Amino acid sequence: LDPLDGEALILLGQHAARGGDLDKAVLFYERAAGIEAFEADAKKSHGQLLVGQGRHSEALLLLRRAQSLKPSESLAKYVEAIERLSQGKAQ
């Protein structure tokens with residue numbers, strides 16, 4: 001109902017992703033990321049969706065941005081794991 005409710009947009013994105021509508025999920029995450037207070041959480045969710053699709057390079061851009069906006073130890077470890085995974089596939 002409220003197009004500026006970032007939390008609701010992220011939840012809608014997660015629901016769409018679970019339902020297999022990945023394009024719709026991305027749309028919700030991108031809309032939420034446009035709201036400053038929710039940018040980090042939206043980029044993290046979007047990045048996780050891309051990791052699930054095997055799109056590690058794209059995911060890392062979003063995840064690193066999320067980490068820079070809202071640092072957390074768990075996200076830092078996740079980013080490191082995706083970097084290692086991505087490097088392993090490049091070799």
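**Helix packing and salt bridges**

In this predicted model, helix H1 (residues 6–18) and helix H2 (residues 22–33) have axes that come within 8 Å and cross at roughly 165°. Axes here are lines fitted to C-alpha atoms over the stretch in contact, with angles running from 0 to 180 degrees between N-to-C directions; helices are DSSP runs (H or I) of at least four residues. Local features need pLDDT of at least 70 and side-chain atom pairs 80 or more, while totals for chains, interfaces and linings use all residues. Numbering starts from 1 along each chain as its sequence is written, and side-chain values use heavy atoms, leaving out hydrogens and water.

Helix H3 (residues 39–52) packs against H1 at about 10°, the axes 10 Å apart, so H1 and H3 are roughly parallel. Here Ile10, Gln14 and Ala17 of H1 meet Asp41, Ala42, Ser45 and Leu49 of H3 (contact means heavy atoms within 4.5 Å).

Turning to charges, the count comes to 5 salt bridges (a side-chain nitrogen of Lys or Arg within 4 Å of a carboxyl oxygen of Asp or Glu). One of them pairs Arg65 with Glu39 at 3.1 Å, N to O, linking helix H4 (residues 56–69) to H3 across 26 residues. Glu39 is buried at 15% relative accessible area, whereas Arg65 is partly exposed at 37% (buried is under 20%, exposed over 50%, partly exposed in between, with a 1.4 Å probe and protein chains only). Asp41 also forms a salt bridge, with Lys70.

Note on methods. Helix = DSSP H or I, 4+ residues; strand = E, 2+ residues; numbered from the N terminus. Parallel < 35°, antiparallel > 145°, perpendicular 65-115°, else oblique.
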